Amino acid sequence: MGFANLLYSWTVLFPIAVLLYYFFRKKYEVKTISSTMFWEQSMRETKVSPYLKNLQKNALFYLQMAALLLLLFILLAPFITKEEAVSGQTIVVVDTSASMLVEKDGTSLFDKHKEAIRKLVNKRSGQSITIVSTGKEPMTVIREEKNAEEVISAINQLKVSYEHEFMERAIEFTQSIAADSEVDIHIFTDSLDQKNLPEASDTHVWTVNTSNDNYRNVSIDKFGAVATADGTEAIIKLINRSDKKVDGNLILTDSITGTAFLKSDFMVEGEEELLLSFKDLPTSKALTASISVDDDYAPDNAAHIILGNEATDAIIDNQLHELIKKAFEAVGLSVSTGSKNELTAATDKTIVVTNDAAFLESGTKPIVLIGRNDEKSEEVTGAISTLADSLFSVADLSDVYVSEVYPAFDEFETIAMIGNKPFIQRSSRGDIVILADVEMTDWPLHASFPLFIWSAIERMGGEGNTLGTFTPNERKAVLSSSQSGKIEVYTVDDEYVTTITDSSSFIAPQLPGVYKARDEANEKLFTVQLEPEELNLETGSSYRIGKAINGKGTEANKWLFGKYFILPVLLLMLMEWEVQRRRGYPH
């Protein structure tokens, strides 16, 4: 038995006060005194009588104390735990994202969750257990298994997949498994807002197990590099996501040879950013930036980039704004302006920048289209949202203002939007389309404009030598010179990773790094990078929605029985009234 409202335990002062009142109350009795000389002596004896004498033969006291104690008992909300058998199953949702590798006291959050799941399974031996792993495509690790040893074995084999958890998809997937049956669902993650869970029901119980530890974390937020005439230039953006300053050192390494050619010390204040820039670095096909710091999360301490055959010059339509030319010059290109005829002659030789949509259908190399000369613009409002694309790896468009945009191309992929209208698109051959003139936006006034141009030029120039940048386990169609579409994946150290039988459904490795993709004729480099969401650690409190289910296949319910004492209290009060009516009040 327990009490649900111990907050009201202070009301015990009332029966104690009544008890003290009876201890010190003067008691008078009607007596017949034969002589007045004994009256004063009799009164003194009554006043100095023992305290307990006041309690003898006092029915009113006992009734009042009983009523007060019962009222106190009711206020404390007594309950008895009742266990009832349940027939539902247990579903465990395991977050396998990279953020689960954060460590505290030498143990990762993922290992802590696995140990907690093992304990849960041992308590529910004989029950049906289903385990679901998160990701872009949630998967069932084991389904409705009652053999505890098989479940424990599946738990021991769980590994971090590095891809973002996409918890909304995992929850929907779990609901489809649970259907309308009685299910106890346990989610093991780092943080989950309660609003992301469905409304409470009589059949589904949600228990969210999170982490509320304070983690130290310094991450490489952005990393970009470009080949120049003098070697290689690189920029790196570091973010200290803890509240104390952190010292460390940065190492730039050639990803192919493993040669470290730069080491630089740095210091980042708490909750601050640091932008590092390096010029005249040795020429390299792929770079790895890594930081050595004392923090609790290692996966975001390294970033990788591939340098393709970047273009060294560009020709810009002379009808475009001068700020566009300056942006291309700022990223190290040799820039010239020309008429439509001069742009046509330069097609396939250099990067063409224009607002003439007709160039999208000419030549074999991609172009940069800024604005359109074949459509009218229309007003637009809202914030800019972007996809997780390498074009925005160093360019943040969140604070850019755009007043008007041109209609989009239906057959192109939209990678940035303003409200519900496309702002930036990309064609299947790699054309970059910005659906606004410079006069319609303040973007050229932001540092993100030349950074975006830099990313676009790097993407277009190196498209033929690389497969691009992937996120862990990302599925994407790639081009292969093999008729069978077979591609073999190796690390930069020529260690075999996997074989993709169909290039139209290429799946990237899960571990971030630089890899080689080989088909019958070519070898292309590509990188695997953590998703931006996995660079920022989140913490939250654990909670439960619905009734608790214990580990023995029974449901633990609280039976509140205090209300059944209300009638006895009323009867006691009635008896008090009757005693006082018969005896009258003391003289």
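Predicted model: local features only at pLDDT ≥ 70, side-chain atom pairs only at ≥ 80, totals over all residues.

Visitor: How does one look for a cavity, and which residues line the largest one?

Guide: The general idea is that rolling a probe the size of a water molecule over the atoms shows where empty space is left. Here, the largest cavity is lined by Ile-370, Phe-423, Ile-434, Ala-436, Asp-437, Val-438, Thr-441, Trp-443, Pro-444 and Phe-449. Asp counts as charged, so Asp-437 is the charged residue of that lining.

Visitor: What volume does the largest cavity have?

Guide: About 60 Å³. Searching the whole structure turns up two cavities of 30 Å³ or more.

Visitor: Let's move to the outside. Which residues form a nonpolar patch on the surface?

Guide: Look at Leu-7, Tyr-8, Trp-10, Val-12, Leu-13, Phe-14, Ile-16, Leu-20 and Leu-75, which together have about 900 Å² of accessible area. Helix H1, residues 13-24, supplies the largest share of the patch, with four residues. Tyr-8, another member, sits in the loop between strand E1 (2-3) and H1.

Visitor: Why is Tyr-8 called partly exposed?

Guide: It's a matter of cut-offs: buried means under 20% relative accessible area and exposed means over 50%, with partly exposed in between. Tyr-8 has a relative accessible area of 35%, so it falls in the partly exposed class.

Visitor: Now salt bridges. How many does a search of the whole structure find?

Guide: It finds 20. To read one, check for a side-chain nitrogen of Lys or Arg within 4 Å of a carboxyl oxygen of Asp or Glu. Take Arg-124 and Asp-184, whose side chains meet at 2.5 Å, N to O. This pair links distant parts of the chain, 60 residues apart: Arg-124 is in the loop between helix H4 (109-123) and strand E6 (129-133), while Asp-184 is in strand E8, residues 183-188.

Visitor: Are Arg-124 and Asp-184 buried or exposed?

Guide: Both are buried. Arg-372 counts as buried because its relative accessibility is 8%, whereas Asp-374, at 41%, is partly exposed.

Visitor: What about Lys-516: which residue does it form a salt bridge with?

Guide: With Asp-494, and the closest N and O atoms are 3.1 Å apart. Lys-516 belongs to strand E32 (residues 513-518), and Asp-494 to the loop between strand E29 (487-491) and strand E30 (496-500), so the pair ties together parts 22 residues apart in sequence. Lys-516 is buried, with a relative accessible area of 10%, and Asp-494 is partly exposed at 42%. Salt bridges can also share partners, and here they join Asp-221, Lys-237, Arg-241 and Glu-273 into one network.

Visitor: Next, contacts across the sequence. How many residues apart are Val-160 and Ser-97?

Guide: Val-160 and Ser-97 are 63 residues apart in sequence, and their C-alpha atoms are 6.0 Å apart. Val-160 lies in the loop between helix H5 (148-156) and helix H6 (167-178), and it is buried, with a relative accessible area of 8%. Glu-538 is in the loop between strand E33 (523-528) and strand E34 (543-545), and at 45% relative accessibility it counts as partly exposed.

Visitor: Last topic, backbone angles. What is the phi of Tyr-162?

Guide: First the general idea: most residues other than glycine have a negative phi. Tyr-162, although not a glycine, has a positive phi of about 75°. It is found in the loop between H5 and H6, and it counts as buried at 15% relative accessibility. Asn-473 also has a positive phi, about 65°. That residue lies in the loop between strand E27 (466-470) and strand E28 (475-476), and is partly exposed, with a relative accessible area of 22%.

Technical notes:
Residues numbered from 1 in each chain as written. Heavy atoms only, no water. 1 Å grid on protein atoms, 1.4 Å probe; cavity = no way out; pocket = protein on both sides within 12 Å on 5 of 7 lines; lining within 4 Å. Points joined across faces, edges and corners; volume = space filled by probe spheres on them. Patch = residues over 30% accessible without salt bridge, like charges linked within 9 Å, V, L, I, M, F, W, Y side chains within 5 Å. Areas by Shrake-Rupley, 256 points an atom, 1.4 Å probe, with all protein chains shown as cover. Helix = DSSP H or I, 4+ residues; strand = E, 2+ residues; numbered from the N terminus. Buried < 20%, exposed > 50% of the residue type's maximum accessible area, 1.4 Å probe, protein only.
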